[in-house]
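Please keep the sequence and the model in view while reading.

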Amino acid sequence: MDPMELVALLRGHKSYIQTHNYPDPDAIASAFGLQYFLLQHEVEADICYDGKIEKLSTRKMFEVFGIEILSSSDISDMTEEDYIVTVDSQKYNANLTDFIGDEVACIDHHPTYIDCKYHYKDVQITGACASIIASYYMRTDTPMTDKVAAALAYGIKMDTADFIRGVTDLDVDMFAYVYKKADLECITQMYSNVMELDDLKAYAAAIENIHVYDGVGFATIPFDCPDALIAIISDFILSLDVVRISVIYAIRKDGIKLSVRSDMREVDAGKIVHDALEGIGSGGGHHAMAGGFIPNEQMNGMHNEIKYHIESRFMNQIKKAMDGHDKK
């Protein structure tokens with residue numbers, strides 16, 4: 001897609017850039033980078049999201065990079081005529097609240113599970129959505145500030161787990177492109193004092209509950225836990241030498257939040273989550289990482305056997321994926 005088509009689409013309209021709920025560093029960096037790109041072409045857009053930003057490292061981005069973002073409670077004046085660009089997410093996904101505005105455009109790096117017609121759609125399977133946004137600057141020779149460049153570099157580093165997860169040539173090329181322009185001190189600041197004391201309780205709970213079946217590591221966090229922290233713990237469990245796939249789930253008041261990681265070529269984490277939760281919840285992602293949610297009203301009496309129901313569903317889907325690969 002030509003990014004100047006997006007500029008032309010939004011020009012003359014009140015516009016918003018919406019991240020997925022509980023945005024992570026890649027989503028925020030992508031939105032920030034897109035916001036400045038549009039501004040350089042005389043299009044103003046506010047960044048917005050639903051949910052909470054609970055992780056200290058994510059909240060720190062606002063101060064370090066100078067990012068302004070609106071929560072759903074801050075945008076009560078949005079109308080049906082306003083335009084929305086979704087970044088690092090797609091309409092109809094479980095992790096994207098349907099705001100009243102018109103979702104006219106989508107920029108994402110995850111596979112599409114529920115199709116939607118946009119006026120502008122740029123979905124590329126990359127390690128980070130920030131890489132797609134960075135390419136807009138390079139392709140159009142649009143200038144960026146050192147803080148925008150630093151934010152994009154940080155987003156790429158975080159979502160590719162320092163270039164070991166889902167990396168494509170675009171991620172490598174775009175990191176090199178923005179790194180040369182970045183305020184490196186900003187990136188350094190993002191790696192200090194980013195863990196809170198309560199984070200250790202979630203790690204401890206996961207470690208206490210972990211069990212491994214045929215390379216699949218399951219762990220339960222029996223209390224509410226921020227999405228971003230669940231994802232970090234999923235990465236942590238995957239780092240164990242006996243684990244090739246990690247499935248972490250936190251028990252919340254409104255349901256169960258899951259995070260899945262895979263370093264097996266045969267097992268697509270996004271597809272596994274989507275298929276395992278069919279009929280009881282929703283989820284998806286890309287090959288290496290994915291997330292999902294089961295609302296309370298869909299748990300259908302499994303409350304006393306949560307572990308059995310969830311883990312058997314995932315083991316069945318993982319076995320199908322392995323068997324299907326063996327037959328090819």
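Alanine 161 has a relative accessibility of 26% and therefore counts as partly exposed; this class lies between buried, under 20% relative accessible area, and exposed, over 50%, with a 1.4 Å probe and protein chains only. The model is a predicted one, in which local features need pLDDT of at least 70 and side-chain atom pairs count only at pLDDT 80 or more, whereas totals for chains, interfaces and linings use all residues. Residues are numbered from 1 along each chain as its sequence is written, and side-chain values use heavy atoms, with hydrogens and water left out.

**Two residues with positive phi**

Alanine 161 sits in the loop between helix 5 (146-159) and helix 6 (169-179). Its phi is positive, near 50°, although the residue is not a glycine. Tyrosine 92, likewise not a glycine, has a positive phi of about 80°. Tyrosine 92 belongs to the loop that joins strand 4 (83-87) and strand 5 (102-108). Helices (H or I, at least four residues) and strands (E, at least two) are DSSP runs, numbered from the N terminus.

**Accessibility of selected residues**

| Residue | Relative accessibility | Class |
|---|---|---|
| Tyrosine 92 | 48% | partly exposed |
| Cysteine 48 | 0% | buried |
| Cysteine 186 | 2% | buried |

**Cysteines**

A disulfide is a covalent bond between the sulfur atoms of two cysteines. The structure holds zero disulfides, where a disulfide is counted as a pair of cysteine sulfur atoms within 2.5 Å. For cysteine 48, the nearest cysteine sulfur is that of cysteine 106, 14 Å away.

**The chain as a whole**

The chain contains 11 helices and 12 strands. Its C-alpha trace spans about 55 × 45 × 40 Å along the principal axes. The radius of gyration is 19 Å, which agrees with a compact globule, because 328 residues in that form would give a value near 20 Å. This radius is taken over C-alpha atoms, and the globule rule is 2.2 Å times the number of residues to the power 0.38.

Of the 328 residues, 53% count as buried. Among contacts (heavy atoms within 4.5 Å) with a separation of 6 or more, 63% come from residues 24 or more positions apart.

What numbers of positive and negative side chains does the chain have? There are 29 positive and 52 negative side chains, with Lys and Arg counted as positive, Asp and Glu as negative, and His and the chain ends not counted.

Notes. Charge placed at Lys NZ, Arg CZ, Asp CG, Glu CD.
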